[in-house]
Amino acid sequence: TIVFTGDEYLSVTNTRFSAIALISLISIILLGNITILLWSRITVDRVRRLQDEVSLLTKNNYHVPIVMEGADEITDLAITIDKMRREIESSEKIKQEMIQNISHDFKTPIAVIRSYAEAILDGISEPDEAGIVIKQADLLNQKVKQLLELNKLEYLSDPSHFETIKIKDLIKSIVDQQKYRSHIQIKLDLDDSTYYATKENLLTIFNNILDNALRYANSEIKITLKQKRLTFYNDGEPISEKFIDQLFKPYEKGDKGQFGLGMSIVQKTCEHFNLNLSVRNVNPGVEFMIEPL
């Protein structure tokens, strides 16, 4: 069967199809624009909200968490910024605690020096008591030196000042200076290993560790250097296991008081020279170990 369609019918059909296609196209465009507009508005609102929360950080308000719902790049950015906020908050807390502890550290010797100076003016102080003033002045001097060392760590990033240093020579020099300080016997077993660092800062590291060992050792200290692994052993009492991981934090308090800034300076200095510093209890005693990363 053959069906013939008139030109008028084809014209009407084509017109209807074109109208439907045009309406569909316009609808798709409008829907797309509305979707983009809504998405843009939501995105802009989220960005503005994140901007407002970040602006709080400039006002030292590090205690308010930055929370952003969703699973897109803005949420990832918010998570990263909140991580930065937590790090800043932690640093601020440490800084405040350090300021309080440093103030207390300085307050005590200053008060002692002042009281003895007043006693001298009043004529009630004995001449031999001047040694106490000198001892307190030396204590203050030591604390100032520690603060200067801590400040200098910010300027150790330039490797052009580093050099290859024979560790044995530094250790022997330090031990020679300390050998008459106490009855503690210091034994050495050192090879010719070298570190790439600065002599001044390595001296700071080794002096602080040896000073700590002399403070807690009962009768013996062993310093061993084998294939770049340097260990300082002392036969004193072990460090509390709950405290051993906190040893290198500034002014962290342990079972027997504070460690001050010394060990914190040691740890931060080692980091600058890509040296790993660790401590462990051995039976009997305590061992500090330094080795390249």
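**View 1. In what order do the five strands of the open sheet lie?** The order in this predicted model is E2-E4-E5-E9-E8, with mixed pairing; two strands pair if DSSP finds at least two bridges between them. Strand E2 (185-190) and strand E8 (275-281) are the edges, each pairing on one side only. Neighbouring strands here are turned by 10° against each other on average, direction ignored. Strands (E, at least two residues) and helices (H or I, at least four) are DSSP runs, numbered from the N terminus.

**View 2. Here E4 meets E5.** The two run antiparallel and are joined by six bridges, E5 spanning residues 229-234. Leucine 225 has leucine 230 in E5 as its bridge partner. Helix H4 (residues 167-178) packs on the sheet and touches E2, E4 and E5. The direction of H4 makes about 170° with that of E2; axes are lines fitted to C-alpha atoms, for helices over the stretch in contact, and angles run from 0 to 180 degrees between N-to-C directions.

**View 3. Now for glutamate 220, in strand E4 (residues 220-226).** Glutamate 220 counts as buried because its relative accessibility is 17%, under the 20% cut-off (1.4 Å probe, protein chains only). Its side chain joins that of lysine 187 through a polar contact of 2.8 Å (a pair of N or O atoms within 3.5 Å, one able to donate a hydrogen and the other to accept it). Not counting residues up to four places away in sequence, glutamate 220 touches residues including Ile184, Tyr233 and Asp235, contact meaning heavy atoms within 4.5 Å.

**Notes.** Residues are numbered from 1 along each chain as its sequence is written. Local features need pLDDT of at least 70, side-chain atom pairs count only at pLDDT 80 or more, totals for chains, interfaces and linings use all residues, and side-chain values use heavy atoms, leaving out hydrogens and water.

Conventions: Buried < 20%, exposed > 50% of the residue type's maximum accessible area, 1.4 Å probe, protein only.
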